[in-house]
Amino acid sequence: MLADSRNGAGVVPRVVLWGSRGTTSTIPHLLLAEAGAAFEVRFLSLKDGEQRRPEYLAVNPKGEVPALVVGGRVVTEIPAICVFIAETHPASGLLPADPLEKALALSWLQWCSFRQAQSFFPGFMPQRFIEGEAEAAKLRAASVGRVAEAMRQAGEALSRNGGFLGGERPGLADYYLFMQERWAARAFRLELPEACAAHRARMAARPAVARVMETEGLEP
């Protein structure tokens, strides 16, 4: 259970996740559910530009999702939010306590985050990076290739490590990878490596994951 260190032990701060269905904000949504946290989630429509409206900019001036509000303070950026959730719910086992194991787990979390920026985002929104339909098509094609390479690397790691990125149980990066596998298959029309397809199925079968997918109206 979260304790608000500013208000004394035993006081549980209000936790609100701001996000948008089926985006990277689904990752902390999955983690909060898996950790058994008490929280509420508020969805924005990125298509309608709700992330740029004054009401949300008052929460997160960056105008991006996700944002995690904890007792009136705001945590942004996926890796920071993920680590916060894990460290405030140690019984979840989402982040190892051993320093070396923790470093290895965080390296995979950072890998997923970097691949998201380098590979997925340009393919989702090429017009944000380049002008002209022909050039945008080239950028998307290059992005598809980078996503395929990322899935290849992830598949090799899953095969080496026992089915999850960190070993025999899912950690923070596995929830990130689950969403990336979903995007690779559904948005980029890629055939996943066998190990990634099996990982995606294992993650989708987890009760907390299934609940979040249903809440967000998503097919796993």
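How much area is buried between domain 1 and domain 2, and what share of it do carbon and sulfur atoms give? About 1,200 Å² is buried there, and carbon and sulfur atoms give 74% of that area. Buried area here is the accessible area, taken with a 1.4 Å probe, that two parts lose on being put together, summed over both.

This is a predicted model, in which local features need pLDDT of at least 70 and side-chain atom pairs count only at pLDDT 80 or more, while totals for chains, interfaces and linings use all residues. Residues are numbered from 1 along each chain as its sequence is written, and side-chain values use heavy atoms, with hydrogens and water left out.

**Stop 1: the two domains**

Select 15-92 for domain 1 and 99-206 for domain 2; the bounds come from an automatic or database domain assignment. Their C-alpha centres lie 20 Å apart. Domain 1 and domain 2 each put 15 residues into the contact, where contact means heavy atoms within 4.5 Å.

**Stop 2: a salt bridge**

Next, select Glu34 and Arg206, whose side chains meet in a salt bridge at 3.0 Å, N to O. The term stands for a side-chain nitrogen of Lys or Arg within 4 Å of a carboxyl oxygen of Asp or Glu. Between domain 1 and domain 2 the count is two salt bridges.

**Stop 3: the largest pocket**

Select Thr24, Val65, Phe121, Met125 and Arg128, which lie nearest the centre of the largest pocket among its 27 lining residues. A pocket is an open set of points on a 1 Å grid over the protein atoms alone, where a 1.4 Å probe fits, with protein on both sides within 12 Å along at least five of seven lines; lining residues have an atom within 4 Å of a point. The space in this pocket is about 830 Å³.

Now colour helices H3 (78-88), H4 (99-124) and H6 (172-186), the elements that give two or more residues to this lining. Helices are DSSP runs (H or I, at least four residues), numbered from the N terminus. H4 supplies the largest share, five residues. At least three lining residues come from each of domain 1 and domain 2.

**Stop 4: the second largest pocket**

Move to Pro96, Glu101, Ala105, Gly166 and Gly167, the residues nearest the centre of the second largest pocket, which has 18 lining residues. H4 and H6 are the elements that give two or more residues to this lining, and H4 gives the most, with five. About 290 Å³ of space lies in this pocket.

Key
Grid points are joined across faces, edges and corners, and a volume is the space filled by probe spheres set on the points.
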